[in-house]
Amino acid sequence: MPVADFEPVIGLEVHAQLLTRSKIFCACPTAFGAPPNTQVCPVCLGLPGALPALNQGSIEMAIKAGKAFGCKIAERSIWARKNYFYPDLPKGYQISQYELPICLGGAVPVPGLRNIGLTRIHLEEDAGKNIHAEAGSEVDLNRSGVPLIEIVGEPQLRSAEEASEYLKALRLSLIYLGINDGNLEEGSFRCDANVSVRRKGATIFGTRVELKNINSFRFVRQAIDYEIARQVELIESGGKVLQETRLFDNAAGVTRSMRSKEEANDYRYFPEPDLPPLLLSRELIASVQVPKLPHQLLAELTAAGVSAADGHTLIENPELLRIYDQAPTHQSRTAQVIVNEVARVLKEGAIHRDFSPAWIEDVFRLQDLGTISSTVGKEVLAEALRTGKPPERIVSEKGLAQVSDTGALETVVDAVLARSPGEVEKYKGGKKNLLGFFVGQAMRDLKGKGNPGALNGLFKKKLGD
Amino acid sequence: MIAPLGQLSLALARGEVTPTALLEESLSRIRALDPQVHPFMRLTEPQAQAAARAASARRAAGKALGPLDGVPVGLKDIFCMEGVETTAGSKILQGYVPPYDATVVRKLKEAGAVIVGKLNMDEFAMGSSTENSAYGVTRNPWDLERTPGGSSGGSAAAVAARMVPGALGTDTGGSIRQPAAMVGCAGMKPTYGRVSRFGVIAFASSLDQVGPFAQDVRGVALLLQAIAGHDDNDQTSSARPVPDYAAALERRVAGLRVGVPREYFGEGLAPEVAALVRAGIEKLRGAGCSISEISLPNSPHAIATYYIVATAEASSNLARYDGVRYGHRAKAGQLLEMYERTRAEGFGAEVKRRIMLGTYALSAGYYDAYYLRAQKVRALIRRDFDNAFTMVDAVLSPTSPTTAFKLGERTDDPLAMYLSDVYTVPANLAGLPGISVPCGFDSSKLPVGLQLIGKPFDEETLLRLAHAVEPEKFEEPR
């Protein structure tokens, strides 16, 4: 396969909306889903005479991201205007940062992969949204002015899979930092990919193509894989890759040319004269607290004996991790039960608000005492999660306690042996694995509540072993 | 007849005139003279009547809001006023009604000023003669064949014709001082950052500054007092406290050091203008000022620098006029066609010229050679002034090289038009305050203005010196 002779080079640019209550340059709310053009004012509508007035909230979130990824935080950064015409851009320019961004360098740790370097993180305002209806196109400017950070990654990714892993790790980190909701569908976490290929061993980069409109992890992989194959095929057939922007058509699974290098916008960046330079004191930068990132938590979990797979499931699901953290003890089965039973109920719907993570421990104790089997234990836990009832109450209300009384068990064992003469004969003839059959029959009669250990012993005794 | 603002304010305080009577006088004068001079684009009569009645009631009750309570003022059509059409002199904003007040408009209202209407201007403040308006030509009250200067020509002419005692304008390269000189009134461009630009339709954001016009310097001081100060909505506005400007006028000018830059008295300066400015210098010397010649060596580069910085910013500031949300929209099938036709139809020739110049200066491959170099020269011009201000308290020059020129005289020669601002542009590039004050009439009975440029935020010294230069009594145009 020719693709094997080539090395893809991929760099991602991620736009993440910051979870501030108000927009970056005015007091309008940022909530998603309001009726069109109801969260607007002269500033974010770009009315004549309106001027931007920077809000501090977005600054602290950008610093938080920068510190989390080990970027250099600039004590002085500059706002710049990015000029282009589009109906969803009310001023005809976007206020962004260009030559001196707020964060430089740094890296995103990708568990299971490696650290992926960052070029920069800068602050900017979001544009509105064009809505194409049958009668014509309409513009909703509710999103105009929502704060964004653009996280520009170095071209250090070498496959669609790596790109997807990087993106997942970055998204999760931003969620843990509390600065982004990670919602790809609503567009609060968006990604563009720069893709090129070169022959293995080559030191210079190939011509890069920018891919847009890739709004799910699956589409990221599809779009990049398609693009790698397209570029390799082009080169193999003697063609040349053109520097251009291509749009991913997620219905067809292909990328299509949007504009060539010649048609590319000249954004005519220049320093924004309406805003003074952004000055950050060392004290402010130092005062911004950074919580633990997912990769740090994963390392702690595996050090505590949780398997890597369970650890991943836990950090990828903050709700599960919270339950794990709140459980009174952390045995190896604690994580297992959470990533299986708890996760299953969580997926079905909400966990009852009265559920207490301490109950996981209660279920283990009931199992250890022989009151319930591990199978019943799973059912009890699921019930406790759904209903918010304590495990003991569920066991007693539903009569789930195991029958361990030898007299009661003996009656059942005798009945099973009496109705299965053929199997008894075979067992005595050497087919010892029929023991499971006898225990299973007894369990059925006992509606699953028999103590399997006790039954085993009784059958062996009766059958003369 | 409307008295100069400073005097009028005293008359109002003494109860010699009521705000309602004053408004009537102003309106009747506007009705009588506007057909010839045409500074007004539209009147805001209902709002003005209500404001004057309220001011009269306050004055009668002895509860005046301050020296401007009940004073009629006009606004250059660049200031957004809630519910009042605001066009910036452009067809592209025809019918546009802002939903909010500019900060300075709000402040004027809060001071009790009676806003009587919107005044003509060069489209988007781009011009030096008010001939670039999409809404007709304004004439100079001293000679109806001549321009009142620009771009705030409507504001200057309305004050000089005594239609209103005060007006606001904007000054990006001389647009307050040059027309003030042309019509013989006082006009000040404050320090960049002294007055909020919020709600002021932008031409060149790093140069634009709001300022007042009045016949007398005291009037300028009273208006500046009302509009100056920090505004949370304009982060380039300064948090420095605002001094008492009218009180500054009481301080003598003796001992102040005035520098006269030799570069401002060279080629292109009309001899009669030079002579009248020199007479103004002698007046200051007579009042006890020390006069010295200084040099501002980089000033000759100011016009070139200005036309790069200002046009670059304008090309971006005017991008929002795209027909999508408000103002003029051309009929067209496709988006690109709509943009192109809207802007082709909506903008006038000078605005288009400047958008193209500015777009070019910011383009990839040209940015360093033009915009970046212009910013470096701008820093040098500022440094010239910084050096000068180690030796003098203010810089004195002519406001404009000539008196008012004839309508149509320079419309086909943009460069000649641009040179009208050769002495005013440096103060904008350096962000410094400047004032133009009348210093006499030439042999054709056309007014001449004298410019004073001050240290950052030292408007007080400029007002004191200008007050010492201005005549005891003001002549009126016929």
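This is a predicted model: local features need pLDDT of at least 70, side-chain atom pairs count only at pLDDT 80 or more; totals for chains, interfaces and linings use all residues.

Residues are numbered from 1 along each chain as its sequence is written, while chains are lettered from A and ligands numbered from 1 in the order in which they are written.

Strands of a sheet pair through backbone hydrogen bonds, either parallel or antiparallel. Here a strand is a DSSP run of E with at least two residues, numbered from the N terminus, and two strands pair if DSSP finds at least two bridges between them.

Chain A has an open sheet of three strands in the order S5-S4-S16, paired antiparallel. Strands S5 (93–97) and S16 (270–271) of chain A are at the edges with a single partner strand each, so each has one side without a neighbour in the sheet. Strand S4 (residues 79–83) of chain A is joined to S16(A) by two bridges, and Arg81(A) has Phe270(A) in S16(A) as its bridge partner.

Elsewhere in chain A, eleven bridges link strand S1 (residues 6–17) with strand S12 (residues 189–199) in the antiparallel sense. Glu13(A) has Asp192(A) of S12(A) as its bridge partner. S12(A) also pairs antiparallel with strand S13 (residues 209–212) of chain A, over three bridges; there Val195(A) stands opposite Val209(A).

The contact between the chains involves 25 residues from chain A and 33 residues from chain B, where contact requires C-beta atoms, placed from the backbone, within 7 Å. On the side of chain A that touches chain B there are 16 nonpolar, four polar and five charged residues. Nonpolar covers Ala, Val, Leu, Ile, Met, Phe, Trp, Tyr, Cys and Pro, charged covers Asp, Glu, Lys and Arg, and the others, Gly among them, count as polar.

Note on methods
Two residues are in contact if their C-beta atoms, placed from the backbone, lie within 7 Å. Helices (H or I, at least four residues) and strands (E, at least two) are DSSP runs, numbered from the N terminus.
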